[in-house]
Every structure is written in structure tokens, then in C-alpha cells.
Amino acid sequence: MPELRVTAPAKINLHLEVLGLRPDGFHELAMVMQTLDLADTLVIAPTADGAISLSTDAPDLPTGAANLIVRSAEQLRQRVGLPELGAAIRLEKRIPIGAGLAGGSSDAAAALVGLNELWGCGLEAAELHAIAASLGSDVPYCLEGGTRLCFGRGEILEPLPGARPAEAPDLGVLLIKHPDASVSTPWAYGRCRQLRGDFYLEGEADFAQRRDALRHGPLPVALRGEGPLPRLRNDLQAVVEPEVASVREGLALLRRAEGALAVAMSGSGPSLFALFPGPGAAAAAQRQLEADLARAGFQAWCCRCTGSGASLLPDAPQP
Ligand code: C5P
């Protein structure tokens with residue numbers, strides 16, 4: 001079988017609400033996630049020797065057994081009871097690392113999709129979802145992508161009420177990240193618990209009420225294009241912003257963008273984004289802020305929202 005190519009899109013959080021603490025020590029969340037057209041690519045080829053190897057153009061990324069791509073491959077071949085299956089995986093990294101954009105989780109989801117195909121495992125979506133959930137809270141969402149409500153640890157997925165599947169909001173996104181900044185997700189949640197733990201909700205009835213408030217609140221309406229975009233909420237932003245200077249500086253810069261509908265941090269940061277009525281307005285804002293972003297050392301990407309998660313790419317045309 002020839003090599004396969006799989007796309008692994010980045011996500012942003014359009015809403016991240018920390019509801020409380022779960023018995024398993026994770027946080028109970030209510031989120032809206034959205035995939036972007038900024039993506040890594042995995043190129044996967046079979047090997048006959050039963051080895052799983054990973055190479056990448058990202059110099060700082062570990063490629064051994066700790067990498068989530070390698071762990072995905074190992075979990076999958078264990079699940080189908082064929083430990084002799086091998087693969088050589090090359091990761092073309094475009095999503096910034098440690099940024100709150102689920103780059104690592106999306107790579108893991110892409111490895112599951114690609115290897116399920118390459119190895120002919122034939123696992124159904126629900127079975128891939130179960131493996132994904134064991135790899136990380138965001139990995140199941142990264143399999144599906146699009147605009148989704150995510151509950152539980154993040155692994156319980158729902159379409160937005162009234163939204164058509166695979167349809168993405170026609171928003172432009174200006175995404176920025178300072179290359180020297182990175183935030184550890186466990187640290188951000190730990191700090192959140194320290195600062196806000198006394199105010200966490202405690203019972204399922206309260207959690208269910210917050211989930212309903214999100215489902216039937218103004219954000220899904222706005223994302224269907226039927227109302228104004230509300231102020232975006234990310235509870236981890238309140239925790240990270242006071243601690244990370246580049247997050248404060250980046251938010252202040254984005255708030256100056258002409259035509260921005262909303263500005264927020266993604267996930268546990270430190271990447272930040274502004275939303276615009278369309279891709280043209282996002283591109284204009286990037287030009288407006290270009291000099292200031294460069295002076296402050298930010299990387300910037302102008303993106304569109306997309307309707308799908310990790311997926312096989314069509315074969316490259318032969319020269
Ligand atoms: O599931 P994942 O490996 O992405 O989570 C990384 C860390 O983030 C967890 O170890 C935990 O500290 C924190 N986390 C959490 N609640 C969640 C998701 C993540 O506390 N729902």
C-alpha cells in the first residue's frame with residue numbers, strides 16, 4: 001500500500017467554562033470548539049518490521065514513546081490484537097506547539113484515522129472515539145472537528161442546536177502566538193482550582209443547568225449567523241492573563257483590530273485570536289496590526305473556520 005496523508009487541524013475554544021471538579025480529578029467543562037484551516041499533515045507509510053517510527057520537521061518535538069502519535073499507533077494495534085503492524089510516520093508541523101490549539105491531540109486523532117485505514121483495522125467511529133478518549137480529553141473532538149459543544153472532560157460531543165453538520169461559521173480568524181510563550185495545561189487547571197475552587201459547582205444538576213444555558217444561549221445563535229456574537233468566555237484566560245505578559249500584550253493588540261467582533265485566548269493559551277465577520281476583514285486586520293505584531297515578536301495566522309476534523313487527504317497528483 002502506498003503512503004497516506006492525513007490532515008490534523010488546529011482548534012480554538014469559542015467558549016471554555018470550568019464547571020467543577022470530577023471524581024477522577026479532571027475538570028468538568030462546558031466548551032464550544034471550532035476547527036481552523038491551520039493544520040499539521042501526517043504522512044504514513046507501512047513498514048514490514050513491526051516498528052512504529054516518527055520523524056518531524058519540528059526540531060523541539062520528542063519523537064519517542066511519549067509522543068501522542070506513537071501512543072495512538074500503539075493503542076490501535078493493541079486494540080485490534082495485531083502487535084506486528086508497523087508504520088513510518090512523518091509529521092509536517094504547522095500548528096504551534098504548547099499553544100492551546102490542540103496540535104498534539106489533533107496529530108493523535110490523525111494517526112488513528114490514518115492507521116485505521118493503512119492497517120485495514122476497520123474500526124467504527126465509536127471505537128476510534130473510545131481509543132481517542134483514553135489518549136487525551138481533546139482527542140475525540142479532534143476526530144470530529146467542526147463546531148461542537150464539548151462536555152465532560154471535553155470528550156462528550158454534541159452538534160450545536162440547529163446547526164447543519166459539516167457547516168462552519170463564515171468567520172475570519174486572526175490567530176497570534178508569541179514564540180517564546182508556552183503554558184502547561186495541567187498548570188493552568190491547577191491554578192484555576194487554587195483560585196476558583198471554592199466557587200466550583202458541585203452537583204450534576206448544576207452542571208446540567210450550565211450545559212443547557214450554553215446550548216440555548218446567544219453563542220450557538222450567533223454561530224448560525226442569526227444573531228450578534230456575544231462576549232467570549234474562557235475561564236482559563238482569567239487565570240493565565242495575570243501570569244503571562246505576552247498574553248496581556250497580545251490581547252491588547254487584538255482589541256485594537258478594526259472590525260473585530262470578539263477577542264479571546266484559546267484553551268489554556270497562550271495563543272490568542274480575534275473573530276471577524278469574514279476572512280477578508282481578518283486579513284485587513286492582520287495588515288493593520290502587522291508592524292505592531294512584528295515589533296512585539298508575535299507570529300500571526302489568518303484562518304477560516306472548517307467543518308471537519310482529522311481526515312484522509314486525497315492522493316497527491318502524480319507529476
Ligand atoms: O486530557 P489531557 O491529557 O489533555 O489533560 C491534560 C491535563 O489537563 C490533565 O492532566 C489535567 O491536569 C488537565 N485537565 C483537567 N480537566 C480537563 C482536561 C484537562 O483538569 N477536563
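Modeller: The model is predicted, so local features need pLDDT of at least 70, side-chain atom pairs count only at pLDDT 80 or more, and totals for chains, interfaces and linings use all residues. Residues are numbered from 1 along each chain as its sequence is written, and side-chain values use heavy atoms, without hydrogens and water.

Biologist: What makes strands E3 and E4 a pair?

Modeller: Two strands pair if DSSP finds at least two bridges between them. E3 (residues 52–56) and E4 (residues 86–92) have five, in the parallel sense. Strands are DSSP runs of E, at least two residues, and helices are runs of H or I, at least four, numbered from the N terminus.

Biologist: Which residue in E4 is the bridge partner of Ser55?

Modeller: Arg90.

Biologist: Why are the buried residues of helix H9 said to be on the same side?

Modeller: In H9 (residues 245–255), the buried ones are Ser246, Val247, Gly250, Leu251, Leu253 and Leu254. They cover an arc of only 160 degrees around the axis, so they are on the same side of H9. The arc is that of the directions from the helix axis to the C-beta atoms.

Biologist: Why is Cys192 called buried?

Modeller: Buried means under 20% relative accessible area, exposed over 50%, partly exposed in between (1.4 Å probe, protein chains only). Cys192 is at 0%, so it counts as buried. Cys305, at 11%, therefore counts as buried too.
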